[in-house]
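Have the viewer open while you read.

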Amino acid sequence: MALLKHINPFSKTNEDTGFSATISSYGDRFINKDGSFNLRKEGNRIWDRYSLFHIMLNLPIWAFVLVIVGAFIVVNLIYTGIYLLIGAAELQGISSHHTWGIFREVYYFSTETFTTVGYGRVNPVGDGANFVASIEAMSGFLSFAVVTGLIYGRFARPKAHLAFSDHALITPFKGGNALMFRFACYKDGHTLTDVTVQVNAAMRIHEDGKQTYRYYELPLERHKIQSLPMNWTVVHVIDDQSPLLGFTAEDIKVADLELYVLIRGFNDIYSNVVQQRTSYTFQEIKYNHKFVPMYRETARGTVLEMNKIHDTVEVEVNGGMMAVSAVS
């Protein structure tokens with residue numbers, strides 16, 4: 001396989017990305033599409049490695065609900081087993097006389113104790129059952145505090161709510177070429193203000209007889225806007241300052257190019273600064289395409305069509321353009 005040796009010497013490197021220059025340190029992409037780092041930690045204890053709070057905050061809503069309901073059922077089954085070990089005779093008011101009926105009534109008693117509802121037909125009369133019921137009631141209201149905190153954390157956690165185009169483009173632009181992608185806030189009312197964008201390019205090159213990664217901060221046509229009510233197409237002009245100057249599609253593939261994108265802005269709803277990351281690898285770059293406009297004017301105002309954020313059309317290439325071949 002060919003090795004990339006030469007990059008525009010006038011382009012600016014970025015040594016502050018936090019990523020290593022060693023090839024063996026990485027596999028696949030640096031940043032996942034959802035903005036998380038493509039990194040797994042090993043060698044330490046599992047309870048030191050994982051944060052239950054972080055996991056619960058980031059679970060899909062359906063999984064979060066299943067975990068809460070499942071935990072409620074499991075805990076009450078455990079308490080039900082303890083009551084049955086102590087003896088159902090220590091619970092007064094059980095009307096059933098067969099095993100399944102007794103189990104069912106004890107389970108319902110446990111759920112009533114755990115939630116402090118206490119309907120009253122079944123109640124503890126022995127010391128053992130009363131002691132377990134007191135512990136269960138305490139664990140019940142403590143669990144409600146934990147679940148309330150998790151639910152509040154999920155709803156109140158500041159987020160940018162940004163949707164990015166599936167592909168970045170290298171396309172003719174103002175007599176030359178430019179690399180571009182676009183994004184927009186998909187939540188109504190969550191208009192970001194004082195928005196900044198930073199784009200870095202990671203490339204694998206051949207230097208001093210070995211392969212290494214080098215990182216470049218890409219100059220942007222505009223890196224900051226005052227507000228983001230609509231979409232923003234981020235443009236890096238491939239000029240004399242660009243590390244992509246003179247690159248063909250094959251060069252970008254050989255360089256294992258990955259674009260690391262970081263967006264920051266102020267979200268009025270949360271009254272807080274939010275940020276979001278994503279990345280584009282060389283497989284996610286299209287040549288000789290342009291984005292389809294994703295808004296339309298109506299008598300009642302402008303409509304932003306979020307379903308068109310990924311839509312592109314092919315454009316004709318004039319002689320001398322850098323994008324000499326098309327990549328989908």
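**Overall make-up**

Keep in mind that this is a predicted model. The protein chain carries 6 helices and 16 strands. It has 328 residues, and 38% of them count as buried. Take the contacts between residues at least 6 apart in sequence: 70% of these join residues at least 24 apart.

Two packed helices are described by the angle between their axes and the distance between the axes. Here are both pairs in those terms.

| Helix pair | Axis distance | Axis angle |
|---|---|---|
| α3 and α5 | within 11 Å | roughly 175° |
| α4 and α5 | 7 Å | about 55° |

Start with α3 (residues 61-86) and α5 (residues 127-156), whose axes cross at roughly 175°. An angle over 145° counts as roughly antiparallel, and α3 and α5 are therefore roughly antiparallel to each other. On the α3 side the contact includes Ile61, Phe64, Ile68, Tyr79 and Ile86, while α5 brings in residues including Gly128, Val132, Ile135, Leu150 and Arg154. By type, the residues of this α3 and α5 contact split into 14 nonpolar, 3 polar and 2 charged.

Now for α4 and α5, which pack at an angle of about 55°. How do α4 and α5 lie to each other, oblique or roughly parallel? They are oblique, because the angle is about 55°. From α4, the contact is made by Phe109, Ser110, Thr111, Thr113 and Phe114; the α5 partners include Ala133, Glu136, Gly140, Phe141 and Phe144. The residues of the α4 and α5 contact come out as 6 nonpolar, 6 polar and 1 charged.

**Aromatic pairs**

How many aromatic pairs does a search of the whole structure find? It turns up 9. One of them joins Phe114 and Phe144: the ring centres are 6.2 Å apart and the planes stand at 70°, so this is an edge-to-face pair. The two residues come from distant parts of the chain, with Phe114 in α4 (residues 99-114) and Phe144 in α5, 30 residues apart.

Is Phe114 buried or exposed? Phe114 is buried, since its relative accessible area is 6%. Phe144, with a relative accessible area of 35%, is partly exposed.

Most residues other than glycine have a negative phi. Which way does Thr116 go, positive or negative? Its phi is positive, near 60°. You'll find Thr116 in the loop between α4 and β2 (123-124), where Thr116 is exposed, given a relative accessible area of 52%.

Asp256 is another case: its phi is positive, about 50°, although Asp256 is not a glycine. Look for Asp256 in the loop between α6 (249-254) and β10 (258-267).

**A spot in β6**

Finally, zoom in on Asn200, which is found in strand β6 (residues 192-207). Asn200 is buried, as its relative accessible area is 5%. Leu218 is 18 residues away from Asn200 in sequence, yet the two C-alpha atoms are 5.6 Å apart in space.

Methods:
Residues are numbered from 1 along each chain as its sequence is written. This is a predicted model: local features need pLDDT of at least 70, side-chain atom pairs count only at pLDDT 80 or more; totals for chains, interfaces and linings use all residues. Side-chain values use heavy atoms; hydrogens and water are left out. Axes are lines fitted to C-alpha atoms, for helices over the stretch in contact, and angles run from 0 to 180 degrees between N-to-C directions. Helices (H or I, at least four residues) and strands (E, at least two) are DSSP runs, numbered from the N terminus. Angles under 35 degrees count as roughly parallel, over 145 as roughly antiparallel, 65 to 115 as roughly perpendicular and the rest as oblique. Contact means heavy atoms within 4.5 Å. Ala, Val, Leu, Ile, Met, Phe, Trp, Tyr, Cys and Pro count as nonpolar, Asp, Glu, Lys and Arg as charged, and the others, Gly among them, as polar. Rings of Phe, Tyr and Trp (its six-membered ring) pair if their centres lie within 6.5 Å; planes under 30 degrees apart count as stacked, over 60 as edge-to-face and the rest as tilted. Buried means under 20% relative accessible area, exposed over 50%, partly exposed in between (1.4 Å probe, protein chains only).
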